[in-house]
Amino acid sequence: MTWIKTFNISRYIFRSSQSSGYNAKLFRGNGFRKLPLELMSEIFVHCLEPESCPDAGESCRPHTQSSGIPFVLSQVCRQWRTVALSTPALWTFLNVVIPYTNDVGTVYPNFINCCLERSRILPLHIVLSAFDQGNEETDGEDTLQIISRTINRLIPECSRWESFELMIDSDPWLDVSTPSFRPIPPTGTPTLRSIHIHIQSKHFSWIVAWISELMSSSPNLQEICLTSAEGIQFADISWDHLQIFKILEEIQMKDLFLLFMNCPGLQICEAYLDTPVHLVIVSSPEIIMDHLHTLILTCAKETDLKAVFCWLTLPALKVLALSGFCNAEWPAESFSNFLSRSEFSLEALSLTKLAFTDVQLVSYLHHSSIHDSLEQLVIEPQGEIISSFLLDFLTFKLPSSDTNTIHAPIPLLPKLNGILFTVNAITQAVALRHFVASRWYDTATYEVPLPVACLKHIHVRLTVPYAPNIKFCIDDIKYVFSRVCRSRGTALKLETVVTPPNPGHYSGIETFSVYDFPFYGDMI
């Protein structure tokens, strides 16, 4: 069946539908027309090109442009139309894009009714989006009514929903009447597995209550992605099957902990915590999450970090990324207890905009939960530039010949293969070279492999001072790393960052040269 997946049927269809003369020549004696109808139906379904969702199992969403493919297939010839109409899976994806014009109200009802009828009883994938066309004649109230009518038409079929995505990309509408929505039936949405909501809650509060009702009526959700959690009621909600939870802008820590307590199967959590509400640290039962392997917290305050480190135990954690809010203070003791209590094997660690000390970071890197398993490291402390002490500490040093083998030091972070940090281009260039040379080598030149992994992803920011009428370049550093660039399997990115001057010291700069190498690795 490999040839089915690689066959570009979409281009074939569009080309064949443009020219009737070409059609006659193409289909006369064509073997494709002689295929069994069941095989043709399977090929048509492959045209939907589902997006890969490795964390969602088999519930992959079709491509966002798939809703028009069934109509193209059904207009090529009579045989293709018969096959398309008898293939319900072709009509399960509803991609409703609402431009802000007044003539779409009569188009989408027919489209939706057609898809609902032809998909029969199969699960539905729904994408509803509204984009601002920049037209002065835009009627926001009409657009709101179209959104409302579309959702109300789909609510009676909510028992068939498998994924639902709502995206409104525009400025808020003012002085328009608030639309109303049908209540969700008591049976709820038992087949709904994925919800993606991309709107500003404070601008579209009229729909937040309905979204909260939809989420509470979906007990089998596996993935939730929200722009903001403002107005969403997380109390008394239990999602036993939830695996992925992402908040792009803001969520209160108390709501996040309600999620932790009510979703024992959570695997990935990404949250933006830039909210004015602080969580008071009190004695509380320990929350053990046996399946959470990725935790990413952005704009975290000291109280937020203390709550996470004091209450959570994450034995399966693999990826931990923490970013502070305005250089938040670092709860060193709580983090140490968190490491000892969880006993995980961390593979990726990112600490940015946090006021930890060099001694504290070194102690964490020596911890058994990090030292033997860490593969990717991102360090951007409060001052952003990594200290010379840390850079020298991360540099692998072979033991001298007179060192007793029994008492030789254990290599630091033996599995480290990717790193991102910022150094001073003037004072730390030599130390940077020693670090990279110590962890990058040609395995063919060594009879015995070194006890540390070879670096595969290197991302370094080089800070340079701001000065007027000065041309900066990093040709020398580029030349030093040329061997690394040419090596197979090693991705290198060097970029320059200008240190801002004191106000009023300089009036301008004439030339500034930046050499930026492509970076092909996925860092945190």
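Biologist: How many helices and strands does the protein chain have?
Modeller: This is a predicted model, in which local features need pLDDT of at least 70, side-chain atom pairs count only at pLDDT 80 or more, and totals for chains, interfaces and linings use all residues. Residues are numbered from 1 along each chain as its sequence is written, and side-chain values use heavy atoms, with hydrogens and water left out. With helices (H or I, at least four residues) and strands (E, at least two) taken as DSSP runs numbered from the N terminus, the protein chain has 17 helices and 16 strands.

Biologist: What share of the residues of the protein chain counts as buried?
Modeller: Buried means under 20% relative accessible area, exposed over 50%, and partly exposed in between (1.4 Å probe, protein chains only). Of the 524 residues of the protein chain, the share that counts as buried is 48%.

Biologist: Where on helix α15 do its buried residues lie?
Modeller: In α15, which spans residues 429–439, the buried residues are L432, F435, V436, S438 and R439. Seen down the helix axis, with the arc taken from the directions from that axis to the C-beta atoms, these buried residues fall within 160 degrees, so they line one face of the helix.

Biologist: Which residue forms a salt bridge with E286, and what parts does the pair tie together?
Modeller: A salt bridge is a side-chain nitrogen of Lys or Arg within 4 Å of a carboxyl oxygen of Asp or Glu, and for E286 the closest N and O atoms of the pair are 3.6 Å apart. E286 lies in the loop between β7 (268–272) and β8 (287–288) while its partner lies in helix α12 (residues 332–342), so the pair ties together parts that are 55 residues apart in sequence. E286 is partly exposed at 42% relative accessibility, and the partner, partly exposed with a relative accessible area of 26%, is R341.
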